[in-house]
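User: I have a model open and would like to talk through it before I use it. Could you take me through the fold?

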Amino acid sequence: MRRILALAAAAALAATPAVAQTPDPLGLPPITLPPALDRVLRDYEAAWKAGDGRRLSGLFTEDGFSLHNGALPNRGRAAIAAELTGPGGDLLLRAFAYATSDTVGYIVGGYRYPNTRGPGGKFLLALRKGPDGRWLIAADMDNSGGR
């Protein structure tokens, strides 16, 4: 796990040069992800909206982490599933940057709800490719914004 987070941090620092801030409400312009990575975000949105903790936890590795702002860490699918207890609303996720290398990667992005005022929240997903070749979330860390 440390290797994944260290790789994600190193890749983030070595990635493309800084992009100027824009008048966009999330601060940075969105990018288009490859379909396999975009699927992670769209599946996350759908599970969150439905309040389906079991479906959401299935997007994580067995030993994955959920590190949400203002909450204790959750580790493992059972704990992540229990964290989502009801419909979470129309979550809108978008990416600002990403990288992959072999079986690890990351997505840096922002999130909002339709009625969010202000800049919204930010997230970092550390990813690991599962045995079936599908990208799974090894760690989900967010910095909350207003709803």
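Analyst: What follows goes from the overall fold to the sheet, the helix packed on it, the core and a few single residues.

User: Where does this come from, and what is the average pLDDT?

Analyst: This is a predicted model, and the protein chain averages a pLDDT of 84, with 80% of the residues scoring at least 70. Over residues 4–22, however, the pLDDT is below 50, although this stretch has 21 contacts in the model beyond near neighbours in sequence. Where pLDDT is low, the predicted coordinates should not be read in detail.

User: Which secondary structure elements are there, and in what pattern?

Analyst: The protein chain has 4 helices and 6 strands, and along the sequence they follow the pattern α-α-α-β-β-α-β-β-β-β. Of the contacts between residues at least 6 apart in sequence, 54% join residues at least 24 apart, and buried residues make up 38% of the 147 residues in the protein chain.

User: What's the strand order in the sheet?

Analyst: The sheet is open, with 6 strands in the order β2-β1-β6-β5-β4-β3 and mixed pairing. The edges are taken by β2 (74–75) and β3, each of which has a single partner strand, so one side of each is left without a neighbour in the sheet.

User: And β6, how does it pair with β1 and with β5?

Analyst: With β1, the pairing of β6 is parallel over 4 bridges, and Ser 66 stands opposite Asp 140 in β6. With β5, the pairing is antiparallel over 8 bridges; here Arg 128 stands opposite Leu 136, and Lys 129 stands opposite Trp 135. β5 and β6 also form a hairpin with 5 residues between them, and Gly 133 in that turn has a positive phi of about 90°.

User: How many of β6's residues are buried?

Analyst: In β6, 7 of the 9 residues are buried, so the strand is largely enclosed by the rest of the structure.

User: Switching to α2. Where does it sit, and what does it pack against?

Analyst: Helix α2 covers residues 35–50, 16 residues in all, and it reaches 22 Å from its first C-alpha to its last, close to the 22 Å expected at 1.5 Å a residue. It lies across β1, β3, β4, β5 and β6, and it runs at about 145° to β3. Its buried residues are Leu 37, Val 40, Leu 41, Tyr 44, Glu 45, Ala 47 and Trp 48, and they pack against α3 (53–57) as well as β1, β3, β4, β5 and β6.

User: Why would residues three or four places apart point the same way?

Analyst: An α-helix has 3.6 residues a turn, so residues three or four places apart point the same way.

User: OK, the largest nonpolar core. Which residues touch the most other members?

Analyst: The largest nonpolar core has 23 residues, and those touching the most other members are Leu 41, Tyr 44, Leu 56, Ile 107, Leu 125 and Ile 137. The elements giving two or more residues to this core are α2, β3, β4, β5 and β6, and α2 gives the most, with 6 residues.

User: What is Ile 107 in contact with?

Analyst: Leaving aside neighbours within four places in sequence, Ile 107 is in contact with Leu 33, Leu 37, Leu 41, Ala 95, Ala 97, Tyr 98, Phe 123, Leu 124, Leu 125 and Leu 127. Two of these, Leu 37 and Leu 41, are buried residues of α2.

User: Now Asp 102. Where is it, and is it buried or exposed?

Analyst: Asp 102 is in the loop between β3 and β4, and it is exposed, with a relative accessible area of 66%. Its phi is positive, about 60°, although it is not a glycine. The flanking strands β3 and β4 form a hairpin with 2 residues between them; they run antiparallel, joined by 9 bridges, and Ser 101 stands opposite Val 104 in β4.

User: Last one: is Arg 112 buried or exposed?

Analyst: Arg 112, which lies in strand β4, counts as buried because its relative accessibility is 16%, under the 20% cut-off. Arg 112 and Leu 91 are 21 residues apart in sequence, yet 6.0 Å apart in space, C-alpha to C-alpha.

Conventions
Residues numbered from 1 in each chain as written. Predicted model: local features only at pLDDT ≥ 70, side-chain atom pairs only at ≥ 80, totals over all residues. Heavy atoms only, no water. Expected span 1.5 Å × (residues − 1). Buried < 20%, exposed > 50% of the residue type's maximum accessible area, 1.4 Å probe, protein only. Contact = heavy atoms within 4.5 Å. Pairing = 2+ DSSP bridges. Axes fitted to C-alpha atoms, helices over the stretch in contact; angles between N-to-C directions. pLDDT = per-residue confidence, 0-100. Core = buried A, V, L, I, M, F, W, Y, C linked by side-chain atoms within 4.5 Å.
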